[in-house]
Amino acid sequence: MQLDDAKIRAVGEIVRAHNAQKSQIIRILEDVQDVLGYIPPQAQQEIARQMGVDPDSIRDKVEFYSHFSSQPHGRYHIEVCLGTACKEKGADKLYKAFEDALGIHMGQRTPDGLFSLSMHRCKVKCHGAPVVVINGKRFEQVTPAQVETILRQCKQQAQQDPPAESEK
Ligand code: FES
């Protein structure tokens with residue numbers, strides 16, 4: 001999928017907001033992923049161009065860090081908070097329950113394109129730990145036992161609301 005001009009400009013603005021500093025590369029990649037949802041090769045090239053570095057070095061970082069993804073999200077993008085408060089309340093087990101139920105790991109998408117799995121940084125909603133965000137909607141105090149129900153509800157919703165042509 002080609003990025004439009006507005007998205008390419010947004011990538012450039014993020015790099016400039018960090019003064020194109022090499023020491024800020026992880027923050028730059030995190031911000032780009034927050035805005036685009038993933039870091040496609042075209043965005044990687046734009047980051048490299050703006051920073052004056054080899055595009056391969058950007059690609060290597062995206063591939064090395066498991067919380068980055070160069071693939072678009074699934075129809076339901078599941079983000080498990082792995083911040084300190086959420087970890088203290090069992091976020092690691094919760095994350096594993098999503099991995100097991102979906103058969104995918106961080107940054108991956110199910111073969112049917114329905115789900116993708118990721119982690120997110122603390123969104124300062126720690127009182128609700130552990131927190132899961134699905135397509136921007138927050139779920140609090142989620143337990144591993146609730147994972148199957150959550151996924152089933154997403155599947156039911158997907159059946160009732162088939163994807164638009166542009167989403168296929
Ligand atoms: S640590 Fe998870 S919301 Fe703060």
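A residue counts as buried if 20 or more other C-beta atoms lie within 10 Å of its own, as exposed if 12 or fewer do, and as partly exposed in between. The exercises below use this rule on a predicted model.

**Exercise 1. Classify A20, N19 and E88: buried, exposed or partly exposed?**

Solution. 
- Step 1: A20 has 16 other C-beta atoms within 10 Å.
- Step 2: N19 has 9 other C-beta atoms within 10 Å, so N19 is exposed.
- Step 3: E88 has 11 other C-beta atoms within 10 Å, so E88 is exposed.
- Step 4: A20 sits in the loop between helix 1 and helix 2. N19 is found in the loop between helix 1 (5-17) and helix 2 (25-36). E88 belongs to helix 5 (residues 84-88).

**Exercise 2. Describe the backbone at N19, A20 and P130.**

Solution. 
- Step 1: Take phi of N19. The value is near 55°, positive in a residue other than glycine.
- Step 2: Go on to A20. Phi is positive here too, about 50°, although A20 is not a glycine.
- Step 3: Turn to P130. The peptide bond from A129 to P130 is cis, with omega near -5°.
- Step 4: Locate P130. The loop between strand 2 and strand 3 (132-134) holds P130.

**Exercise 3. Find the domains and state how confident the prediction is.**

Solution. 
- Step 1: Divide the protein. Domain 1 covers 5-64 and domain 2 covers 76-167.
- Step 2: Take the centres over C-alpha atoms. Those of domain 1 and domain 2 are separated by 25 Å.
- Step 3: Check confidence. The protein averages a pLDDT of 91, and 95% of the residues score at least 70.
- Step 4: Helix 6 is highest, at 97, and strand 2 is lowest, at a mean of 89.

**Exercise 4. Work out the strand order of the sheet and what packs on the sheet.**

Solution. 
- Step 1: Count and order. The sheet is open and has 4 strands in the order 2-1-3-4, with mixed pairing.
- Step 2: Name the edges. Strand 2 (115-120) and strand 4 (137-139) each pair on one side only.
- Step 3: From one strand to the next, the average is 25°.
- Step 4: Look at one pair. Strand 1 (residues 76-81) and strand 2 run in the parallel sense, joined over 6 bridges. Y76 stands opposite F115 in strand 2.

**Exercise 5. Trace the nonpolar cores.**

Solution. 
- Step 1: Recall the general pattern. In soluble globular proteins, nonpolar side chains tend to be buried together.
- Step 2: Take the largest core. It has 19 residues, and I78, V80, A91, L94 and F98 touch the most other members.
- Step 3: Assign the elements. Strand 1, helix 6 and strand 2 give two or more residues to this core. The largest share, 6 residues, comes from helix 6.
- Step 4: Follow F98. Leaving out residues up to four places away in sequence, F98 touches I78, V80, L117 and V147.
- Step 5: Find the other core. A second, separate core has 14 residues, including L29, Y38, I47 and F68.

Methods: Residues are numbered from 1 along each chain as its sequence is written. This is a predicted model: local features need pLDDT of at least 70, side-chain atom pairs count only at pLDDT 80 or more; totals for chains, interfaces and linings use all residues. Domain bounds come from an automatic or database domain assignment. Two strands pair if DSSP finds at least two bridges between them. Axes are lines fitted to C-alpha atoms, for helices over the stretch in contact, and angles run from 0 to 180 degrees between N-to-C directions. Two residues are in contact if their C-beta atoms, placed from the backbone, lie within 7 Å. pLDDT is the predictor's confidence in each residue, from 0 to 100. A nonpolar core is a set of buried Ala, Val, Leu, Ile, Met, Phe, Trp, Tyr and Cys residues joined through C-beta atoms within 7 Å.
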